[in-house]
Amino acid sequence: MSAGSRGRARVPDAAVPVLAILASLVVLAPLVQIGGAGFAEGYKELFKASFGSMVGVGSWLTSSLPLVLVGLGVALPYRAGLFNLGGEGQLLTGALVGVYIGTAFGGGPGAFLLPLVAAFGSAAALGAVAGWLKAWGMHEIVTTIMFNFIAFFSLTFLLRGGLKDPDLPYAASRAVSDGFRIGRFAGDDIPYGIFIALVVVAATTCLVDYTRLGWRLGVLGQSDAVAVRQGINLARSRTVAMALGGGLAGLGGVVELLGNQYRIGAHFSPGWGYIAFVVALLARGKMLPVVPFALYFGFLQNGEVRLQAILGLPGNLVLILVAAPVIIVAAVYGFQAYRRTVRVGT
Amino acid sequence: MGAATDHAGPVTAREPSTLAVTGLHKHFGRVRANDGIDVTFRGGEVHALLGENGAGKSTLIKCLTGVYRPDSGRVTVDGREVTIREPADSRECGIAVVHQSSTLISRLTLLENVVLQEGRLGRIRSELADRLVDSGNRLGFAIDPKARVENLSVGDLQRAEIARAFMQEAWLVILDEPTAVLAPAERASLFDLFGSLTAQGVGVVFVTHHLAEALSESSRTTVLRAGRVVGRLESGHQVDEQELVRLIVGDDAPHPSLVGEVSGSPLGAPDAPRTGEGASSDGAGIDGAGDAGEVRVEVRGVSGAPLWGRALHNVDLAIRRGEVLGVAGVEGNGQRELSALLTGSWSPDSGSVLLDGRPLADYLPPERSKLVGDVPDDHFLATCGELSVWENLALGTFAWQEAPTPGRKALRRRSAADLVSEFDIRTAGVNAAVRQLSGGNRRRVILARELSKHPVLLVATYPTRGLDVRSAEQVRSWVRRLADGGSSVVYMSTELEEIIEVSDRVAVMVRGRVSGVLSEAITIGGIGNLMLQER
C-alpha cells in the first residue's frame, strides 16, 4: 500500500512547547474570570505591560535577560544528560561576587567585564563541584538543589553582617559603583545587557553545535555507554558541562545585578533558577530556542505586577502560566516516548 | 483455563487448529516491513520462517503477538476472524511466543513468573507448579518450578517458556530465532522438543537464518524477502538449494558460501586451514607464523576484572600487522572484557596493552579513536538510537578528529550516503534515526564507521551475531580485506567455522584465560581441545 498508510499526521516535536503554551493560556482564562476580572481584560493588561510603551519593552527585556542566561546554563548541561536545578544558587553566587567587586572598587569604562568574568568563574566552580560529585554517585539534581540552599542562606547570613548597607532600613547590600553598572540606551529604556546576552547565546550555540567538545557532550547526553566506548571521560565531561552551566547562570545573576538592581537582597531573584529550568525544558536542550521561551516567561513576569496593581488579581496566577506548559509538554513527550517503545519494540 | 486441572492422565492430542494470515501490511515510515503477507500456520506441524535480516520475519511475529498493530490485513483462527490488539488477545487465541531473549524476570523463580503472567495471584501456587511440571513431563523434560531464572541456562529458559505456553493451552508456539543463542547440543534437544509438541497437536513456528536448519527441522518453510512471501516449501519436495538461496537473497549471483553451509561446511573438515580468498595476496607467509609482519598489538600479562564483568587472568596475546587473530570460546569466558581492554574503555589492574610498543593507556582519546576500530557485541554500545544514520557514522570523527562546523557536517552527510550504499545499509535515508533501523542494519552502521577509518587495530566482538548468512559473509570479507590492507584484527566469535574461515591464528578463551593459540592446521577438533582445557 502507499501513502495512505503512513500513519496519522504527527505534531512535530518542536511545535509541542508552543502549543502547550497556547493551551496554558486557555487554561488560565477561567481562573482569571473567577479572580474577578474579565479574562480578555487580563490578557490585555498582561500585553500592555510589555508592549504598551518603550518603558514596558525595556522592563520586559530586563526581566528576560536573567532567564536567557540562566536558561542557557540549564540547557547546556541538559544536552549532556544532566539536570542543572542549581540555577538559583549559581545566579546568587554570581551576583554576590559581583557585589563584592562592584562595591569594593570604583570601576570605569569596560570595568563591568571584571565582575562578569569573576561571577562566571565562581558560579562555574559551584557547578563543577556538582558535576564532579556525580562521578561519586551523587545525583546532580540533589546536589544542585542543596547548593541552592547553601547559596541562599549564605547570602542571608552575609546580609546580617558586613554585606548589609548600614544606611538602609532593610537587609540589602550597598549598591555597586556607577563605574561597574551596565546602562541602558534608546531613551534610557533598553538595557545594554541584551548585547551581552546576544554574545553569550552566539558563543554557546557555537560551542554546542560546532565544536568537538559540544559534540562529545551531545553524545554523552544520548548514551553513557556509547560515550565511554568512544573514549569520552564521563566524570570530566560532566564536570565541564556543569561548570559551563553554572558559569552561564552566574552571568545571569551578575548581569541583573549590574544592569538592574545594583544591590543584592534576600529577594534578589524571584525564582529565575527554576523558571529557567522550564525555559530549558521547553527549548529541549537546544540553545537558540532558549531565547524565545525566556522572552515569553520574561513577558509573563513583567506583566505579573500589572495584573496585581491594576486588576487586583493575585500575581501567583501567572505562575500557572509557568507551570501548566511544563506539565502539558511532559505529558506529550511522555506519551510519544511510550508510543515509540510500543511501536518499535526491539 | 480452569478446566485444565480436571484432566486426568495424559491429555489427548489437541484439536489441530489453523491460523491464516492474509494480506498483512505493516509499514514504518517509508519502510515496508510487511508488504502483503499471506501465510498459514497449522497445529501439529513445524513451520520455519526463513529470510535475511529485515525481511519482515520479526515484524510478522510482532503483529501476530500484539506487539505491533498491522496497518491492514486479516488474521483468522479456524476461519474465524480475530483482532489482535495486544499480547493478551494473542494469548487468548492460543498463540504463545518465545522471544530470543527471555522475557522472564531473572530474580524470580519460574513459578513466580508463571503466577505473574497468569495475573491471578489468588490462585494456588502448588497447583500451578504441578501443572508446570506436568507440562514439562509431557513434553519430555524435567522442570524445577522453584529454580531461579537467573540460574538457568538459555536452553532451560526456552524449555521453561515452551512448557509455560503448553500449560496455558497454547496451540501455536512461535519462537524467534531460538537457535541463535543455543549451543549445538542444546539445539538438538530443542528440535526434539518440537517433535513432542507436534505430537501433542501443537504447531511450532520458528524463525531462522539458517537454511539447513529450516529444511531439516520443518515440514513447511516460508521464505520472506523485503516484506513479502517469496517462496513456500514443503518437506519431501526436492529442493534446489541454489534456487532457495536466490529466493532468500533476491539476486541472481550464486553465493557459494551459503550453499556450502547447507551441504555441510567444508571449512569444518580437519586439516583444512583457512584458504580464504583474501590470504592469497599476502602469500604463504601468514601461516608460517614467524615473518608475517611485525607485532603491532601486544597484550602483556593482563589480570583483573572490570566492575561489570568477569576477571581476566594473565592474558598474553600478540597480533601482527595484516593478521586476523580469532578468539574462540563459549560466550562469557572473557571476550567482552577483552574487547573493552583492547579498545581502551577499561584499564586492567595489572598488565598492559601495547599498541606499536606504546601502552594503549598513554594514547590520548583522539589518537586512540583514530587507531582503534571498535565493533562491540551490542549495538547500544556503539550507536545512539535518537541520532541519525549520518550522525552515527560521524560520531567518533566529530568527537575527536574534526570540529563539526556546518560545512563539515554537510560534507559528512553527503559522504554518509556513500557509506550507506557501500555497506548496504537499509535505511529510509541518512537522516533517519538509527533506532528505526533493524538490528542487522544498526550493526552495518557500526561496521561502516569503524572499517572506513582503516584502523591499526580492529576489535570485532561477535560482529556477525544476528546477521543472516549473506551479511555475515560480507562482514567476514570486509574484515579480511581490512587485514589484507595492513590492519591487525581481533575477531571474536562463538561459531568455530566462522573463526576458522576468517582467522590467521586462533586464540581460545576459557574462564578468563587464554588456554592456547593455534597458528597452523586450525581445526574444529584442535579448538575444541583447547576449549576443554582448564588450568
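Predicted model: local features only at pLDDT ≥ 70, side-chain atom pairs only at ≥ 80, totals over all residues.
**View 1. Helices and a strand from chain A and chain B line the second largest pocket.** From chain A, look for H8, H9 and helix H10 (234-261). From chain B, the contributors include helix H10 (335-342), strand E14 (350-355) and helix H11 (365-371). Each of these elements gives the lining at least two residues.

**View 2. Chain A meets chain B through 26 residues of chain A and 43 residues of chain B.** Together the two chains bury about 2,800 Å², with carbon and sulfur atoms giving 55% of that area.

**View 3. Arg229(A) and Asp374(B) form a salt bridge.** How far apart are the closest N and O atoms of this pair? They sit 2.7 Å apart. Across the interface of chain A and chain B, 1 salt bridge is found. Polar contacts between the chains number 8 residue pairs, with both residues at pLDDT 80 or more.

**View 4. Four helices of chain A, namely H7 (193-210), H8 (212-222), H9 (224-229) and H13 (317-344), each bring at least two residues to the side that touches chain B.** Which helix supplies the largest share of that side? H8(A) does, with 5 residues. Sorted by class, the side of chain A that touches chain B has 10 nonpolar, 9 polar and 7 charged residues.

How values were computed: Residues numbered from 1 in each chain as written. Chains lettered and ligands numbered in written order. Heavy atoms only, no water. Contact = heavy atoms within 4.5 Å. Buried area = accessible area lost by both parts, 1.4 Å probe. Salt bridge = Lys/Arg side-chain N within 4 Å of Asp/Glu carboxyl O. Polar contact = N/O pair within 3.5 Å; in protein donor to acceptor, adjacent residues only side chain to side chain. Nonpolar A, V, L, I, M, F, W, Y, C, P; charged D, E, K, R; others polar.
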